[in-house]
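Student: I would like to work through the packing of this chain with you, residue by residue. Could we look at the structure together?

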Amino acid sequence: MKAQQAQPQTQPERQDGKKMDIDVKINSISMEGNILATASVNLNRCLAIRNVRLMNGEKGVFLSMPSYRTGNGEFKDICFPITADFRTQLTEALVSAYKEALTMQQGKMVQVAESPAPQTAPVGPSM
């Protein structure tokens, strides 16, 4: 199920004191399975990370970065946050965007359910 663009921006502190722009775009929301959503993340409008997944695990919601499978079946992340603090901030930005997109999606579903059925012309000979 496709979701509209939900792009909250957070600005965590970098080591040099400048703020980092984190833009999150939710690409899809899943209502089944462990994958809650897939997203794209842009950092400082300089680096784009595609296929970031928000997962629901045994210990709660977590961030899954894009990865590949090695020859022995092991998964390796293609890119990943270096610090736990940045991982937490990235996860929070993704969860926030997911909640916003989910709210928008549910609002659309309510609007469709509440809209009246379209009127059709009666079938038969016309005069």
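Student: Leaving aside its neighbours within four places in sequence, with which residues is Leu94 in contact?

Tutor: The model is a predicted one, and what follows should be read with that in mind. Once sequence neighbours within four places are set aside, the contacts of Leu94 are Val24, Ile26, Ala39, Val52, Arg53, Leu54 and Leu63.

Student: Is Ser40 buried or exposed?

Tutor: Ser40 has its place in strand 3, and its relative accessible area is 8%. Since the cut-off for burial is under 20% relative accessible area, Ser40 counts as buried.

Student: Which side chain does a polar contact join to that of Ser40?

Tutor: Beyond four places in sequence, Ser40 is in contact with several residues, including Asp23, Asn27 and Arg50. The polar contact, at 3.0 Å between side chains, is made with Asn27.

Student: How far apart in space are Arg50 and Lys25, C-alpha to C-alpha?

Tutor: Arg50 lies in strand 4 and is partly exposed, with a relative accessible area of 48%. Arg50 and Lys25 are separated by 25 residues in sequence, and their C-alpha to C-alpha distance is 9.6 Å.

Technical notes: Residues are numbered from 1 along each chain as its sequence is written. This is a predicted model: local features need pLDDT of at least 70, side-chain atom pairs count only at pLDDT 80 or more; totals for chains, interfaces and linings use all residues. Side-chain values use heavy atoms; hydrogens and water are left out. Contact means heavy atoms within 4.5 Å. Helices (H or I, at least four residues) and strands (E, at least two) are DSSP runs, numbered from the N terminus. Buried means under 20% relative accessible area, exposed over 50%, partly exposed in between (1.4 Å probe, protein chains only). A polar contact is a pair of N or O atoms within 3.5 Å; within protein, one must be able to donate a hydrogen and the other to accept it, and residues adjacent in sequence count only if both atoms are side-chain atoms.
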